[in-house]
Amino acid sequence: MTKAPSSFSKFAERHFRLSGKALIENGHPYFVPTDVLETQSDQWPDGYLSMSHYDYLGLMHHPRTVAAAKAALDMHGTGVGASRLVGGERRAHQLLEADLADFLGVGSTLSIISGYLTNVTLIGHIAGQRDLVIVDELAHNSIMMGCRGGKFGFETFPHNDLEALDRFLTDHRSDYARVLIVTEGLFSMDGDITDLPRLLEIKEAHEAWLMLDEAHSYGVLGATGRGLCEHFGVDPKRIELAVGTLSKSFASSGGFIAADAEVIEWLRFTLPGFIFSVGLSPATTASAHAALEILKEEPERVTRLRTTSRQFLRLAKEAGLNTGDALGEAVVPILFPTADECIYVSETLMSLGIYAPPVVHVGVPKDLPRIRFFLSHTHSQRDIERVIREISRAVSAFRRTDMRPVAE
């Protein structure tokens with residue numbers, strides 16, 4: 001007798017349980033309708049405050065970005081109707097990509113409907129069976145997924161341990177035709193950066209290529225927000241591929257690739273995630289372009305963001321909170337010894353009108369739960385002091401009442 005297959009629902013439930021379902025069975029702070037919280041701000045004495053959105057430059061509600069999106073909707077409708085290869089593109093796509101390239105100091109850029117998709121589709125398109133892709137072990141999930149589905153060698157190196165990377169390539173570079181090194185500009189879970197000058201030395205010594213994910217560093221790092229290269233005073237043309245997103249500093253959605261013009265022209269006709277996906281919508285393109293123009297005109301937004309971020313980092317350290325290796329640039333995590341404490345602090349903050357969900361199990365090692373705090377140009381000194389004060393109180397309350405579960 002043939003055994004009946006288990007139901008898909010049971011399969012899903014089992015995998016959900018293995019992923020940490022128990023942590024949220026008694027309630028959780030995820031998928032909160034934050035627009036509702038905003039309208040109910042007056043229920044908290046100090047109002048509603050989001051620390052979970054990466055609107056780094058405070059442009060999501062800027063009159064110019066909103067007006068640009070509305071005008072594009074009125075003129076061009078809600079979508080573009082097809083992929084740009086088969087359905088044609090809009091002049092707005094070309095103008096945004098040209099201005100992005102000019103701003104970043106690269107040959108050209110190519111925008112794609114999703115930042116996550118950009119990494120997934122790009123890595124496998126570049127590397128072949130005789131190649132190696134070697135990635136920082138804490139790189140974003142989109143990078144890891146782009147590697148795991150490929151027919152090429154895939155290795156990781158310890159986080160920001162460039163000497164380990166150098167040793168690996170010294171021993172194994174000759175085993176591969178081409179090598180692609182992949183890392184991030186500003187790490188989104190830890191708020192730290194890689195030593196780009198040293199990384200470039202290693203790349204060039206081993207005749208490798210470099211792909212740099214600058215999703216969180218454009219608009220943040222460097223005096224004018226041009227990213228990791230500006231931060232270190234490096235010519236961006238020394239990097240083969242940079243990946244950015246429009247959903248953070250550029251207050252919209254989607255991703256883009258920055259590279260030499262010849263590389264981008266090749267990708268326009270061959271990259272699966274581009275040619276088989278619809279182009280950016282008119283409103284998305286227009287709002288991102290307006291945000292870019294504001295950034296160019298008002299680089300002081302980057303300066304204020306940096307001041308606010310470093311103030312948050314300083315106050316957190318003074319309060320005895322664990323911020324890991326965070327640099328103090330837009331993303332500052334606070335790490336907790338247990339998931340229970342992390343969740344308790346997050347729930348306490350929410351009860352006080354501060355939205356900052358915990359990060360446990362998914363995206364970080366299980367023994368390093370944290371709350372990521374995304375700083376914005378819109379945050380005031382009073383906001384920062386309020387958050388640190390309430391975190392400190394919540395931690396003290398948790399430890400004083402010994403809420404930690406008893407070991408079995």
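Predicted model: local features only at pLDDT ≥ 70, side-chain atom pairs only at ≥ 80, totals over all residues.
Leaving aside neighbours within four places in sequence, Thr118 is in contact with Ile112, Val243, Gly255, Phe256 and Ile257. Thr118 sits in helix H6, residues 115-126. With a relative accessible area of 0%, Thr118 counts as buried, because the cut-off for that label is under 20%.

The strands in question are E2 and E8 (residues 255-259), which run antiparallel and are joined by five bridges. Strand E2 covers residues 108-112, and four of its five residues are buried, so the rest of the structure largely encloses it.

Ala251 lies in the loop between strand E7 (241-245) and E8. Its phi is near 55°, a positive value in a residue other than glycine. As a rule, most residues other than glycine have a negative phi. Ala251 is also tucked away: its relative accessible area is 14%, so it counts as buried.

Asn160 has a relative accessible area of 23%, so it is partly exposed.

Strand E4 has a partner as well. E3 and E4 pair in the parallel sense over five bridges, with Leu132 standing opposite Gly153 in E4. Strand E3 takes in residues 132-136 and is mostly covered, as five of its five residues are buried.

Leu132 turns up again among the contacts of Arg178. Not counting residues up to four places away in sequence, Arg178 touches Arg130, Asp131, Leu132, Arg173 and Trp209. Arg178 has its place in the loop between helix H8 (162-172) and strand E5 (179-184). At 38% relative accessibility, this arginine counts as partly exposed, because that value falls between the cut-offs of 20% and 50%. For a sense of scale, Arg178 and Trp266 are 88 residues apart along the chain, and their C-alpha atoms are separated by 18 Å.

Next up is the nonpolar interior. In soluble globular proteins, nonpolar side chains tend to be buried together. The largest nonpolar core in this model has 77 residues, and those with the most contacts inside it are Ile181, Phe312 and Phe373. Apart from it lies another core, made up of 25 residues, among them Ile126, Cys147, Met211 and Leu271.

E9 and E12 (residues 370-374) pair in the antiparallel sense over five bridges.

The loop between E11 and E12 holds Pro369. Beyond residues up to four places away in sequence, Pro369 touches Ile334, Leu335, Phe336, Thr338, Ala339, Cys342, Val359 and Val360. Pro369 and Ile113, on the other hand, are 256 residues apart in sequence and 31 Å apart in space, C-alpha to C-alpha.

Last come the gaps. Rolling a probe the size of a water molecule over the atoms shows where empty space is left. The second largest pocket has a volume of about 360 Å³. It is lined by 14 residues, and the closest to its centre are Glu38, Ser50, Asp55, His61 and Thr378. Helix H2 (34-39) and strand E1 (49-50) each supply at least two residues of this lining. Sorted by class, the lining of the second largest pocket has eight polar, four nonpolar and two charged residues.

Definitions and conventions: Residues numbered from 1 in each chain as written. Heavy atoms only, no water. 1 Å grid on protein atoms, 1.4 Å probe; cavity = no way out; pocket = protein on both sides within 12 Å on 5 of 7 lines; lining within 4 Å. Points joined across faces, edges and corners; volume = space filled by probe spheres on them. Nonpolar A, V, L, I, M, F, W, Y, C, P; charged D, E, K, R; others polar. Core = buried A, V, L, I, M, F, W, Y, C linked by side-chain atoms within 4.5 Å. Buried < 20%, exposed > 50% of the residue type's maximum accessible area, 1.4 Å probe, protein only. Pairing = 2+ DSSP bridges. Contact = heavy atoms within 4.5 Å.
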